[in-house]
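Here is a short briefing on one protein chain. Look over the sequence and the fold before reading on.

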Amino acid sequence: PLIYCWRGGKRSGAMTHILRQIGWDAEVLEGGYKNYRRNVISELSILPQQFKFQVITGATGSAKTSVLTALGKQGAQVLDLENLAKHKGSVLGNLLNQPQPSQKHFESLLLQALRKLDPTDVVYVEAESKKIGQLQVPDSLLEIMRQSPCIKIAASLEARVDFLQRDYDYMIENQAFLKQQLEFLKEIVGKETLNQWYELIDNNAWGALVKELLIRHYDKLYSRSQNQNYQGFISAQEFSTDDLSDTGIDALAKQIIQN
């Protein structure tokens with residue numbers, strides 16, 4: 001069990017004494033959890049400004065998160081916000097049987113991750129909107145990300161379709177869950193389009209479904225949002241690829257580091 005104090009006062013001190021008597025290595029949190037939260041909020045408002053971010057952009061299915069992981073394995077500094085948030089960052093981003101952390105927990109995890117980074121070296125981060133699922137990216141971090149230089153992954157449509165079928169295999173295996181998530185797009189794409197997508201799911205036409213989702217929804221959304229939100233998007237260095245296999249992603253990460 002984890003026990004933490006609210007204000008770090010006399011009752012916390014008494015509990016710490018008792019816990020030590022039964023063999024636990026207990027400490028009093030100075031000022032309690034309230035003081036800890038104030039510290040988290042304060043640090044998150046300042047710490048992001050110390051870093052030099054390179055923002056990885058690219059249309060949905062460009063394997064941005066996987067490229068980020070590959071960059072980390074090759075020795076680069078990365079900040080993986082979607083991993084911290086337990087969400088892939090889109091309407092279909094919910095992970096099956098993996099709930100998102102609370103906003104406060106997410107901020108604590110984010111602060112821990114930032115503290116481990118070296119401000120003298122580049123930090124790669126994926127372009128995100130203000131919210132990742134139900135969680136909000138702190139304004140201080142989002143602001144500096146949107147002002148930072150961008151890298152653009154220009155993957156072919158065929159490569160993206162193939163990658164998404166592998167990356168969202170848990171959706172393919174849970175068709176009811178997939179339909180439930182697609183229902184959130186009903187007001188945007190209309191009932192007729194949604195029913196067409198349901199028919200593709202029922203027929204296991206996964207390639208056709210993914211291509212439909214990209215062309216009719218995600219690509220339009222991506223182009224609009226990146227141009228509006230990221231200052232470095234238009235002038236971003238572009239890395240083209242038609243191979244988003246594991247080998248192709250590793251090669252892409254190596255190319256990004258070398259440039």
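The notes below cover the overall build, the core and the charged surface.

This is a predicted model, in which local features need pLDDT of at least 70, side-chain atom pairs count only at pLDDT 80 or more, and totals for chains, interfaces and linings use all residues. Residues are numbered from 1 along each chain as its sequence is written, and side-chain values use heavy atoms, with hydrogens and water left out.

**Overall build**
- The chain has 13 helices and seven strands (DSSP runs, H or I of at least four residues and E of at least two, numbered from the N terminus).
- Its C-alpha atoms fill a box of roughly 65 × 45 × 35 Å along the principal axes.
- Of the 259 residues, 42% are buried (under 20% relative accessible area; exposed is over 50%, partly exposed in between; 1.4 Å probe, protein chains only).

**Core**
- The largest nonpolar core has 41 residues (buried Ala, Val, Leu, Ile, Met, Phe, Trp, Tyr and Cys joined through side-chain atoms within 4.5 Å).
- Leu182 and Trp197 have the most contacts inside this core.
- Helix H12 (206–229) is among the elements that each supply at least two residues of this core.
- H12 gives the most, with six residues.

**Charged surface**
- Arg7, Arg11, Lys34 and Arg38 form a positive patch (residues with over 30% relative accessible area and no salt bridge, like charges joined within 9 Å; a salt bridge is a Lys or Arg side-chain nitrogen within 4 Å of an Asp or Glu carboxyl oxygen).
- Lys34 sits in helix H2 (residues 32–46).
- Lys34 counts as partly exposed because its relative accessibility is 36%.
- Glu158, Asp162, Asp242 and Asp243 form a negative patch.
- Asp243 lies in the loop between strand E7 (232–241) and helix H13 (246–258).
- Asp243 has a relative accessible area of 32%, so it is partly exposed.

Methods:
Patch = residues over 30% accessible without salt bridge, like charges linked within 9 Å, V, L, I, M, F, W, Y side chains within 5 Å. Areas by Shrake-Rupley, 256 points an atom, 1.4 Å probe, with all protein chains shown as cover. Lys, Arg positive; Asp, Glu negative; His and termini not counted. Charge placed at Lys NZ, Arg CZ, Asp CG, Glu CD.
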